[in-house]
Every structure is written in C-alpha cells, then in structure tokens.
Amino acid sequence: MNGSFLLEAIIYLSAGVVFVSLAKKLGLSSVLGYVIGGMMIGPYVLGWIGTEGEDIMHFAEFGVVMMLFLIGLEIEPEQFWKMRKSIVGLGGMQYSLTTLLFMLPGIFIMGWSWQMSLAVSLALSMSSTAIVLQTLKEKGLSQTTAGQASFSVLLFQDIMVIPILALLPLLVSQGEIHLEREHPQAIIKDLPGWLQTLLVLGAVGLVFISGRFLVVPGLRIISKTRIRELFTASALLLVVAVAYLMEMVGLSPALGAFLAGVVLATSEFRHELESDLQPFKGLLLGLFFIGVGASINFRLIGREPLTIAGVVAAIVFVKACVLFAAGRLFRLKSDQNLSFTFNLSQVGEFAFVILAFSLQLNLVERTWNDILMAATAITMTLTPVWIAINEKYIDPYFGTKETVESYTPDTIHEKHPVIIAGFGHFGSTIGRFLRANGVEATILDFDSDRVDLLRKMGFKVYYGDATRLDLLEAAGAAHAKILIAAIDSPDANAILIHNARKHFPHLHIMARARNRFDAYDFLDEGVTHIYRETLYTSVHLAADALRHLGFRAYTVKRMAQNFIKYDEEALMKLKSERNNMQQYIFSAKKQIEMQEKLLHEDLLQHLTSSDHCWDSGFVREKTKQL
Amino acid sequence: MLLKALILFAHPRLERSKIHAGLLRYLPNHPNIYLHDLYEEYPDFNIDIKREQALAEAHDIIVWQHPMYWYSVPPLLKQWLDMTLEPGWAYGPEGRALAGKKLLHVVSTGGSAEAYAKGGRNRFTIREFLAPLEQTAHLCGMDYLPPYIIFGSHHLDEESLHSYGSNLAWLLNLLISGAADREGMKRFEYMNDWITQKKV
C-alpha cells in the first residue's frame, strides 16, 4: 500500500477526530469542526495538504449523493408528492429572485457582462445541501416546518444544477471553447434531442421499476446469505450505480439517488440500508467539509480583506432578504421563518462547480472567480456560527415556538411506542395481540423470508439485525416506550438488551428468556421484566394435566398462579446468591423443596395448610368453640 | 311435558366441601336437570356471555346453588350475574329473556336457623340477606320461589345431610314435572317449611 496514502488518511482522519470532538465539546456543530480542521491542515496554515482541497471536495461530493439517498429513504412517495408545491413554489421563487437580485448589481454596479453576471448569480444563489441538512439533522430539526421548507429549496436547487451546466456553454458566443468535463454525460450528448429526452425519462423509469422489482428481491437474496458486509456492499453498489446512471443521461446524481431512496422507502430494507450507509455518508461529508476548509485561500483574503468581507456581507444580506420574504409569502411562522432564513443564506458547494465550469468557459474573470470561491467557502464556514447566534440571541425573542417534541425522529415516520425485536413465533404472537388491541409496533427481524411474508400480511416489519445499535436507533428507540426483546437466540437477545440498557436507558425492556439461566443474565443487566418461555407454558400444561386427572379447575388455576409467583420470587431471591455457585445449588434446592411443600400442603387437608380459602373443614375447626 | 332445570352451581373449592359435595350426590340423574359447575367452567372468571344466555334461555327453571360467603354469593356467581344479565336481554324494555322462568335459590349457611333472626348472632334473617338476589330475579321478571336453606352446615351429620339431599332431589323432580303448588309455596318464608308441611 502506498505510504503517502496512509499518511494522507492519517492527516484527514485526525483533523476530523480532533476538531470535531473539540467543536462538539464547545457545543458547536460538527460541520464547523470539519471546516476548521480543513483550514488547519490546509495549505495556508499548517500546509499538511496542498491545493488538492478542491479535488477532495469533488470526490467527497459523493457524500451529498448518499445523503440524498438517505433522505429519500425517509420520505415515502406520497409524502414526496405532497411536497411538490413547496419544492417548485418556494424553491423556484428563492432561486429566480436571488439570481435576479445578484444579476442587476452585477451588470449595473460592477459593470460585468450580462453573461458573467448571470453565471455568477446562478452560482451564488445556490445554498449548501451538505451543510444545511447535516446541521438540521444534528439538531433534530429536519421535521420542523423550517426544516421541510429548507429541504424543498435545496432539492429544487439540486435539480437546477443540471440545466444550468447545460445552459452555461450557450452563453458563450464563440463555439470553439474546448471543454473537459469528467462527467460521462458525453455518451448521450451527441444524440438527437428527442432520443435524449427519451433516455432521461427511461432512466428515471428504470430507477422506479428496478427499485421495486429488481433491487428489493435482490436484497432479499443477499440478506439470506447473512453476510453483513455483502449487504453493505450492495447498498453502496446501489447508490453508485444510480448516480452513474443519472450522470450518463445528464441528470443530477444526487436527484437520482434521492428518487431511488424514495422508491425504497416503503421496502423492508429501509432501516438496514440506512444504517449501512450512514457511516459512509458521514465520513464523505466530513471529508467534503474538510475540503471546504482547506480550499479557503487565506493569502487572497489577506490581500483583499475588505473586498471579500464586503462581498460576503452583500451576498448573505441579499440571500437572507429573499429567503425571509419567500418564507413570509409561504406563511412560515416568524421563528420558523428566521430559522429558514439563517439556514439557507450561505452559498453552497454547487457554486464551486458552476464557478469552476464558468472559468473553463472564460465566462468569469480569474480574480473574481478566486474572490467568489473564497467568499463561498467563508459563508459555508460561517453558517453554523450564525445558526447558533440565531438560536441563542435572536430566536428567543419570537414568541411562537414550534415544539421540538412534535417532530418525528429522523429515520422513522411511524411513531410506534413499542419495538419488537425478533418476530418469530414468539414475537409475532406478541405483535398480533398488541395489534388486536390497536397498538402497532415497529418490528425488526433478521429473516428476510419471514419479513417478506409478514409484510404481505400487513405488518410493518423491517429487515435487520436488532443487535446493531444503529438499527435500533433507526427503529426509533429514542422515542419508543417499550422494547420487547423476543429474538430466538438468547445470545443475540443479550446483546440487544445490553445495547438498549446502555444507550436508551429510558426504554422499558421486556425480555424473552429461554430459561432460568438466561433470566439471571438479564437480571444482571438490570432488566426487571423477564418472561421465561419454559415457565408459563410448562405450568399451563401441568395445570391442564392436573385437571385431566380430576383436579378442580379453579383450584388448579390458583395453584398454577401461585407456582409462577413462587418461582419468580425464588428467581429474585437467588439472584444475589448466585455468585457463590455452591450456595446457589444449595438454595435452589431449598427453594424447590419449599415449592413442593407448599403445593403438597395445599392439597392435604390433615396437615396445616397454607391455603384455607373456602375450606369448610378449616372453618369448622376454627368455629367449633363458638 | 317435562320442564327443564339449569343448576348454576358455584363452589370455589368443592373438593374441600362436605355439604355441597354431599348434596350433589343426591342430584337426580335426569336429562332435564343440567348441572352447570361454574368454577369448573370458568376458572379464570372469563364468563362466556353468549353461551350462558343460550343456556338460560333453554331452561324453564333456574337454580342458584352455592354456599353463603359473608352473607352473599361466591365471587364467580356474582361475576356470572354481572356478565350474563345484560340490559336488553335480562332486563330493560326489551330484556324479557328470563321473564316467567322460576328461580330456586339453594343456599348453605354455617350458622343455625336461630342465628339468623332479629335477636340472633347474625341479626337479620336469611331472606333479608338474600334480598338483593331476590330483587335481581324480580327485575328480570323471574318468579323467585322461597329459598331452600341448608342451615348449620359446619355441624351437619350424615342423617341431616341425607334429608337435605333427598328433599332437594324430590323438589327438583316436582318442579320439572310442572306440578308444583306455586300458591301453596307462597305462604312460606323458606322452601324447607313448605316441604315439611307437604311431607307431613
């Protein structure tokens, strides 16, 4: 392996590890940590990495694609359809108005050509999907009105990138400009227009159809192998393939990934895909933010600090005004509108792409290009700062608060109070009974055949290994009330319980235990509600056997209940004595003797019985002296 | 044509009972007399309402047979009343399912007849204690016969038990034959006295 690759990896990873944990300690968002880390290792401070910051950003943009896929996974198709108005309306309004307001001063004050003004304005009107969505998610604000509005605007901008890149070359009058674009778009570029359109539509259709009929069955087959990394590989392959397909037909890879996510949102693999891709997305985005930090040209800023400060201030001011007005028009409440405005008033990562492309086309002068690139990076860096300022100092003055409680956790829209892990015969009985009483549960199971069958029967079952912390989280453990640990394997159940106790201490855990010894393990974990498979059914059977032998039903019923009670009490009593194994065996024997005695006495009239209920002999004896 | 009798029998611990186990030995083995052992049928108190109503509808005479616990019925019989006697079925404007049926109350008590009197240890008569049940039957339009009481159950000898058992069997046979002298019974507080007078 290449030594310099390892060194680079060490530099990037340690920048992330050090600065993000520092930022978190200081109560700042992780985005800021990455960006500052990037600045530090960048060419102008420590100089550990050169000017490759932009290349890294380009590579790491794939993190944005993944992020949109993950966002798509959380949005079911109907929900997406409901958002169409806000995407086109709010997004379209923000984008066109901001572009217009940047263009006019470009032409009339700066004296730029209209072409340059347009290219620059289109670039600056973009906001940063990566920063905004990451910040929203971290703060748990994705489902607020402001979060949804921000998402709509970002999605619209994302869709716009492709037509803009197609349109920019048309702004150049001379046709001899030589373009070098690494997008494989060239494949269909030379085809006639109608065929291109057809291919675009075909690609989108392919995503939809193959998502339903190819990907889901494929994932089922793969999940049957029970090799976790194979599933992860498939998830990555899926996203990369969609991105490639979209680039081939000239659509935004991020948009394609989003659509693929929406298609798979209703499948049982939703949570598994989510938890598999989450770390990749996080790391790639982190790398992307480091790239942003590293690409800030401090030398240029040092040379022209006033120009850049002025440009940053002007850009942010114009963007904020448009956003605020648009938010007003779309009836966001004042605190939500403020949040919406502050979220989106930076210039986004697509500006780098558009500016770089415009430079290639000679649309933008180099000096201005550098200044605007620096300004873009600065606005991105400052976003977490001003969001924090808004939250601390401005927002509190506006009365109407949208409560955070009203938002659904980022991964799950069905807010079920109960999670059932393991949906075999044991778990499914629980699920059926709960459902019969109108309580729906989020169900996790690791057997894809069963998951498929149960989904056909209308249960909301998700495929996945419940012992994985991330999947538990995706299933909404943070907001559920009860976790029912009903996995067949006692070992897997033990891991699940351990994780849940540690990371979701608020959960009321109800555990299935195979026998007394499992039960002790769970007791050691601090679980108090333990249900031994071998207790209730066995006692039930024994009780029926006694009835069959002629015992009275009600008496047997009472004795069975008492037996279970005694047995559970004995379990608790023995818990503390368990460390000393010798003693354990001794007192276990004693406990059983006690039970036997109790039951025996219950039946023998002549001995002093512990149960005198409705016993005429006992009454007679006691009332003799009367 | 013979009438049909349903015995709703409630004893939570029959295996420890002397009196009721003894009385059941005298029960006529007749197809028209059906013994319904509630504690055996519903050990978890989950009364099957539809089944109980159908049973009651199919019989002309209903017998409540039970030991008296704290001047009342055993809990499962109370549960039976609470669950089965639904409004619109047993009472209320359309609740006529039980109307006209005869109700015989067979109760065993630990205390003697003397104890159940104004000056006695229990201060009230049995009829007074059974008033809520009599009224329950009345509200359902049933004909509450004078109750048949087994007194002093704690100290009953075999001979008395035999007489209680055979008298009850004789009474049940008489009731299903439809030849019982309802007007004559009316003059007595307790069925015991009517039987004595009849047999003398």
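Tutor: Helices (H or I, at least four residues) and strands (E, at least two) are DSSP runs, numbered from the N terminus. A:Ala474, for instance, is found in helix H22 (residues 469-474) of chain A. This is a predicted model, in which local features need pLDDT of at least 70 and side-chain atom pairs pLDDT 80 or more, while totals for chains, interfaces and linings use all residues. Residues are numbered from 1 along each chain as its sequence is written, and chains are lettered from A and ligands numbered from 1 in the order in which they are written.

Student: How many helices and strands does chain A have?

Tutor: Chain A holds 28 helices and 6 strands.

Student: Is A:Ala474 buried or exposed?

Tutor: Count the other C-beta atoms, placed from the backbone, within 10 Å: 20 or more means buried, 12 or fewer exposed, and in between partly exposed. A:Ala474 has 26 such neighbours, so it is buried. Its C-alpha atom is 7.6 Å from that of A:Glu274, a residue 200 positions away along the chain.

Student: And how does A:Asp452 count?

Tutor: A:Asp452 belongs to helix H21 (residues 448-456) of chain A. It has 16 C-beta neighbours inside 10 Å and therefore counts as partly exposed.

Student: What share of chain A is buried?

Tutor: Of the 626 residues in chain A, 41% are buried.

Student: Why is helix H7 of chain A described as largely enclosed?

Tutor: Helix H7 (residues 114-124) of chain A has 11 residues and 9 of them are buried, so the rest of the structure largely encloses it. Among the buried ones are A:Met116, A:Leu118, A:Val120 and A:Leu122. The buried residues of H7(A) pack against helix H6 (84-108), helix H9 (145-171), helix H16 (305-329), helix H18 (349-360) and helix H19 (366-394) of chain A.

Student: What describes two packed helices?

Tutor: The angle between their axes and the distance between the axes. Here axes are lines fitted to C-alpha atoms, for helices over the stretch in contact, and angles run from 0 to 180 degrees between N-to-C directions. Take helix H4 (residues 62-74) and helix H13 (residues 253-264) of chain A: their axes lie 6 Å apart at an angle of about 25°. Under 35 degrees counts as roughly parallel, over 145 as roughly antiparallel, 65 to 115 as roughly perpendicular, and the rest as oblique. H4(A) and H13(A) are therefore roughly parallel.

Student: Which residues make that contact?

Tutor: Contact means C-beta atoms, placed from the backbone, within 7 Å. H4(A) brings residues including A:Val64, A:Leu68 and A:Ile71, and H13(A) brings others, among them A:Ala257, A:Phe258 and A:Val262. By class, the contact has 16 nonpolar, 2 polar and no charged residues. Here Ala, Val, Leu, Ile, Met, Phe, Trp, Tyr, Cys and Pro are nonpolar, Asp, Glu, Lys and Arg charged, and the others, Gly among them, polar.

Student: How do H6(A) and H9(A) cross?

Tutor: Their axes come within 8 Å and cross at roughly 70°. That makes H6(A) roughly perpendicular to H9(A). A:Leu90 and A:Tyr95 of H6(A) are among the contact residues, as are A:Val153 and A:Phe156 of H9(A). The contact has 9 nonpolar, 6 polar and no charged residues.

Student: What is the strand order in the sheet?

Tutor: Two strands pair if DSSP finds at least two bridges between them. In chain A, an open sheet of 6 strands runs E3-E2-E1-E4-E5-E6, with parallel pairing. Strands E3 (461-463) and E6 (529-532) of chain A are at the edges with a single partner each, so one side of each has no neighbour in the sheet. On average, neighbouring strands are turned by 20° against each other, direction ignored.

Student: Which strands does helix H23 lie across?

Tutor: Helix H23 (residues 490-503) of chain A lies across E1, E4 and E5 of chain A, at about 170° to E5(A).

Key: Two residues are in contact if their C-beta atoms, placed from the backbone, lie within 7 Å.
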